[in-house]
Structures are given as C-alpha cells and as structure tokens.
Amino acid sequence: MLNIQDIDKSFGSLQVIKNLSFEIKEGEFVAIIGPSGSGKSTLFQLIGGISALDKGAILLNSEDIQLKRGIIGYMPQQPCLLPWRTILENVTIVEELQHKPNILQARAWLEKVGLASFEDAYPNALSGGMQQRVSFIRAIVSDKPILCLDEPFSALDEFTRLEMQAWLLSIWEKHRKSILFVTHNIEEALFLADRIIVLTKRPATIKKEIIVPFDRPRSEDIRHTESFHALKQQLFNYLKEEKDDAYVD
Ligand SMILES: Nc1ncnc2c1ncn2[C@@H]1O[C@H](COP(=O)(O)OP(=O)(O)O)[C@@H](O)[C@H]1O
Ligand SMILES: [Mg+2]
C-alpha cells in the first residue's frame with residue numbers, strides 16, 4: 001500500500017531524514033514515535049507532497065506520489081478549522097476544493113460523532129476535543145486511501161486525550177482505513193497501533209519496530225496489563241537512548 005523507500009531529506013546542511021524505509025499495509029494502523037525535532041512532521045510533508053525528497057521514493061499502491069498533493073488525508077496537530085466557516089462547511093472544504101462536496105455524508109459523520117447539533121455553529125463555540133473530532137471527520141470524508149495524523153491529541157488535556165484515543169479507536173475499528181499516526185506519547189501508540197516504528201534522533205531512521213500484540217477491539221483494560229507495562233518500558237528505553245545521545249554532539 002504505502003511504501004517509503006530509502007528516503008533522505010536535508011534542509012541546507014541539516015540532514016533530517018536518512019535512509020528511512022518502511023511499509024504500511026491496507027487497513028493497518030501504524031504509529032511512529034521519535035524524539036521531538038527528529039523529522040516526523042517533515043516525513044508527513046514528504047508523504048503529503050508538500051516538499052521534495054533528496055533521495056528515494058514514496059509509492060502509494062506502486063504509484064510514485066512524490067510532490068503530488070491531495071493524495072493522502074491529513075490531520076494536523078492543531079485542528080486548523082476556518083473560523084469563518086460553520087462546522088459543516090469546515091468538514092466539506094476538502095471535497096469542495098475538488099468540486100464534489102457530499103453534504104449528506106458529512107452530516108452523517110457529524111451525527112455519528114455526536115456533533116449533529118453543531119453543524120451550523122462556528123469553531124469558536126466548540127471545545128478543543130470537539131474541534132479535533134471535526135478535524136478528523138474532515139480528513140476521513142475527504143476519502144483518501146490513507147490518513148496521516150500528526151500528533152493530533154498532543155494539545156489536549158490528559159482526560160480529553162484519553163477520551164479521543166478511545167473515540168478514534170472505535171471509529172477506526174469500524175472503518176479500517178490505513179492510518180499513519182505520529183506521536184511522542186508511548187501509551188497512546190501502544191493503545192492505538194498494530195505496529196510501532198521508533199525513530200532515532202535526527203537524522204531520523206528506524207531504530208526499532210515492534211508489533212503490538214493486543215487483540216481488537218481493544219478496551220481501556222489493556223492499559224493495566226503486565227505486557228502493556230513491559231512494552232511501555234521497552235519503548236521508553238529506546239527513546240531514552242536517543243535522548244541521552246542527543247546531548248553528546
Ligand atoms: N522548512 C524547513 N526549513 C529548515 N529546517 C526545517 C524545516 N522544516 C523542519 N526543519 C527542521 O527539521 C528538523 C525536524 O523537524 P520536524 O520534522 O518538525 O520534527 P518533529 O516533527 O519530529 O518534531 C528540525 O530541526 C526543524 O527545525
Ligand atoms: Mg512534528
């Protein structure tokens with residue numbers, strides 16, 4: 001499905017990504033964790049066609065998507081809703097740009113996520129968690145083969161974040177769209193993903209990859225199991241190694 005093949009990316013003399021390769025299969029939920037500043041958002045800009053690779057290739061179903069925009073669904077860290085458009089108009093904006101807004105589908109999604117009564121409201125009337133839901137719905141109705149989520153819950157308070165994780169999981173378990181999810185939160189990655197890719201510090205390459213063994217559908221209970229804690233510790237150590245080294249150079 002999505003193939004990242006041996007990519008490099010530098011900004012001037014700063015090498016941000018080096019020899020990075022991985023694959024995401026149809027319907028897979030993959031989380032990427034890595035130190036901050038390691039090149040995670042840069043990776044999304046490359047996949048999203050916003051900036052060019054120095055080396056390597058990015059293939060979606062064998063098609064080269066380098067510098068092609070509008071191919072992937074994208075949910076940024078901040079919800080980025082347009083304050084002058086209603087919630088419904090915010091959800092349909094991507095399709096509107098493609099001249100095929102599907103109002104009925106957008107309404108159905110808003111209803112599914114408990115926001116039906118807000119479709120004519122403006123973003124400033126919604127809480128942070130609600131705005132993230134709208135942002136996610138906007139990414140999902142744009143109907144792309146893969147969704148890239150860049151630390152979408154990091155600006156939320158702890159309680160809302162846990163709520164949003166459970167919410168995302170319940171939606172995804174029904175929908176099964178491929179998701180690439182960047183986070184620096186280890187528990188979040190373990191709770192959500194099928195597989196976790198750990199990046200090194202800059203220049204980012206793959207440090208480790210782990211398969212998350214928990215069955216689906218998942219419940220909050222897995223957070224309290226021994227294997228959850230063991231994996232959390234393991235991932236924490238990988239990240240710590242990257243952080244410790246970071247002060248050497
Ligand atoms: N357009 C750019 N020009 C120059 N440097 C950039 C640009 N975008 C990102 N960087 C640098 O690349 C590094 C990785 O950034 P980023 O991908 O945002 O990291 P992360 O998302 O992992 O925190 C940072 O040092 C950042 O300053
Ligand atoms: Mg980032």
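Biologist: Why does Phe159 count as exposed?

Modeller: This is a predicted model, so the value is computed from predicted atoms. Phe159 has 60% relative accessibility. Exposed means over 50%, so Phe159 counts as exposed.

Biologist: Where is the place of Phe159?

Modeller: Phe159 is in helix H6, residues 158–175. The C-alpha atoms of Phe159 and Gly129 are separated by 10.0 Å. Along the chain these two residues are 30 residues apart.

Biologist: What makes H5 roughly parallel to H6?

Modeller: The two helices pack at an angle of about 25 degrees. Angles under 35 degrees count as roughly parallel, so H5 is described that way relative to H6. Their axes are 11 Å apart. The crossing of H5 past H6 is right-handed.

Biologist: Which residues of H5 and H6 meet?

Modeller: From H5 come Gly129, Gln132, Arg133, Phe136, Ile137 and Ile140. They meet Thr160, Glu163, Met164, Trp167, Leu168, Ile171 and His175 in H6. By class, the residues of this contact are 7 nonpolar, 4 polar and 2 charged.

Biologist: What does the contact of H4 with H5 consist of?

Modeller: Gln105, Ala106 and Trp109 in H4 meet Ile137, Ile140 and Val141 in H5. The residues divide into 5 nonpolar, 1 polar and no charged. Ile137 and Ile140 are also among the H5 residues that meet H6.

Biologist: Why do E6 and E10 stand at the edges of the sheet?

Modeller: The open sheet has 6 strands in the order E6-E7-E8-E3-E9-E10, with mixed pairing. Strand E6 (73–75) and strand E10 (206–211) each have a single partner strand, so one side of each lacks a neighbour in the sheet. From one strand to the next, the twist averages 15 degrees.

Biologist: How do you know that E6 and E7 pair?

Modeller: Pairing needs at least two bridges. E6 and strand E7 (residues 146–150) have 3 bridges, so they pair, in the parallel sense. Met75 stands opposite Leu149 in E7.

Biologist: Which helix packs on the sheet touching E6 and E7?

Modeller: That is H5, residues 128–141, whose direction makes about 170 degrees with that of E6. Another helix, H1 (residues 40–47), lies across E3, E6, E7, E8 and E9. H1 runs at about 150 degrees to E7.

Biologist: How many bridges join E1 to E4?

Modeller: There are 5, and E1 and E4 (residues 55–60) run antiparallel. In E4, Leu59 is the bridge partner of Asn3.

Conventions: Residues are numbered from 1 along each chain as its sequence is written. Chains are lettered from A and ligands numbered from 1 in the order in which they are written. This is a predicted model: local features need pLDDT of at least 70, side-chain atom pairs count only at pLDDT 80 or more; totals for chains, interfaces and linings use all residues. Side-chain values use heavy atoms; hydrogens and water are left out. Helices (H or I, at least four residues) and strands (E, at least two) are DSSP runs, numbered from the N terminus. Axes are lines fitted to C-alpha atoms, for helices over the stretch in contact, and angles run from 0 to 180 degrees between N-to-C directions. Contact means heavy atoms within 4.5 Å. Ala, Val, Leu, Ile, Met, Phe, Trp, Tyr, Cys and Pro count as nonpolar, Asp, Glu, Lys and Arg as charged, and the others, Gly among them, as polar. Buried means under 20% relative accessible area, exposed over 50%, partly exposed in between (1.4 Å probe, protein chains only). Angles under 35 degrees count as roughly parallel, over 145 as roughly antiparallel, 65 to 115 as roughly perpendicular and the rest as oblique. A crossing is left-handed if the near helix is turned anticlockwise from the far one by less than a right angle, and right-handed if clockwise.
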